[in-house]
Amino acid sequence: MAKESDLPSMIRLNIGGKKFCTTVDTLTHREPESMLAAMFSGRHTVCQDSEKGYIFVDRDGEHFRHILNWLRDGVVPTLSEPEYSELLREAEYYQLLGLIERINAVFNKRKEDSEPDSELTRTDIIKCIQSERVRFRGINLSGLDLSKLDLSFVDFSYACLKNVFFSRANLQCAKFRDVDAESSIFHNATLRECEFTGANLRGALLAGASLQSANLQGKFFPLL
């Protein structure tokens, strides 16, 4: 066993079998409240291989190079979403609050970029349906909560309806020709005599919906 005060400025780490070399300053400077900073602050005792000089940490070493790059330069790598989830798990283990914040910021930015803004609000929709004949052809309504509204006979053809909540809405005789309704929720909605010809219904939820005489010839199977 060796105290941190006895360790050299260069630190050799064995993270789950992967070997790394760094310095005490790197491990303690950027995130002074982290577990790594605490380990090498001189306040604790760490296990060191007396022959090879490596300090062993029983964690997955796959993403530890990203941990070190963050501690060195404050850089967050460009990764896939699953890889970011893995890196986030390691950052949480090492209590790297700055890195955790940055990863979550990347997640939020990607979510915003992948979800286009709706062109209308729920209030706009309510005002429109007071008219006799309503058309939302080709309009982006993604993400709106249109639950419990009377949308009967409305023409949504060619509209973007991703992640729209139609729960308990009255959609009798509504037209959904060639709409993108991926992951939309039609739970307990009235869909009698609706037309879904060419619609993208992948991941759409139709549980409890009234579907008498509805044309469901969409491009993907919904979740019934």
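The following paragraphs describe the fold of a predicted model, from the whole chain to single residues.

Residues are numbered from 1 along each chain as its sequence is written, and side-chain values use heavy atoms, with hydrogens and water left out. As the model is predicted, local features need pLDDT of at least 70 and side-chain atom pairs count only at pLDDT 80 or more, whereas totals for chains, interfaces and linings use all residues.

The secondary structure of the protein chain comprises 6 helices and 5 strands, where helices (H or I, at least four residues) and strands (E, at least two) are DSSP runs numbered from the N terminus. Along the sequence these elements follow the pattern β-β-β-α-α-β-β-α-α-α-α. Of the 224 residues, 42% count as buried, a term that means under 20% relative accessible area, with exposed meaning over 50% and partly exposed in between (1.4 Å probe, protein chains only). Among contacts (heavy atoms within 4.5 Å) with a separation of 6 or more, residues 24 or more positions apart account for 29%.

An open sheet of 3 strands has the order 3-2-5 and mixed pairing, two strands being taken as paired if DSSP finds at least two bridges between them. Its edge strands, each pairing on one side only, are strand 3 (18–23) and strand 5 (54–57). Neighbouring strands of this sheet are turned by 30 degrees against each other on average, direction ignored. Strand 2 (residues 10–15) runs parallel to strand 5 and is joined to it by 4 bridges, and Ile15 stands opposite Val57 in strand 5.

Helix 3 (residues 64–73) packs on the sheet, where it touches strand 2 and strand 3, and its direction makes about 10 degrees with that of strand 3; axes here are lines fitted to C-alpha atoms, for helices over the stretch in contact, and angles run from 0 to 180 degrees between N-to-C directions. The buried residues of helix 3 are Phe64, His66, Ile67, Leu68, Trp70 and Leu71. After helix 3 comes Gly74, with a positive phi near 70 degrees.

A nonpolar core is a set of buried Ala, Val, Leu, Ile, Met, Phe, Trp, Tyr and Cys residues joined through side-chain atoms within 4.5 Å. In the largest such core, of 31 residues, those touching the most other members are Leu151, Phe156, Leu161, Phe166, Leu171, Phe176 and Phe186. Apart from residues up to four places away in sequence, Leu171 touches residues including Leu151, Phe156, Phe166, Phe176 and Phe186. A second, separate core of 27 residues includes Leu27, Phe64, Leu71 and Ala91.

Asp155 lies in the segment after helix 6 (122–128) and counts as buried because its relative accessibility is 8%. Its side chain makes polar contacts with the side chains of Arg137, at 2.9 Å, and Ser157, at 2.6 Å; such a contact is a pair of N or O atoms within 3.5 Å, and within protein one must be able to donate a hydrogen and the other to accept it, while residues adjacent in sequence count only if both atoms are side-chain atoms.

Tyr93, in helix 4 (residues 81–93), counts as partly exposed because its relative accessibility is 32%. Beyond its neighbours within four places in sequence, Tyr93 is in contact with Met35 and Arg59. The C-alpha atoms of Tyr93 and Met35, 58 residues apart along the chain, are separated by 8.0 Å.
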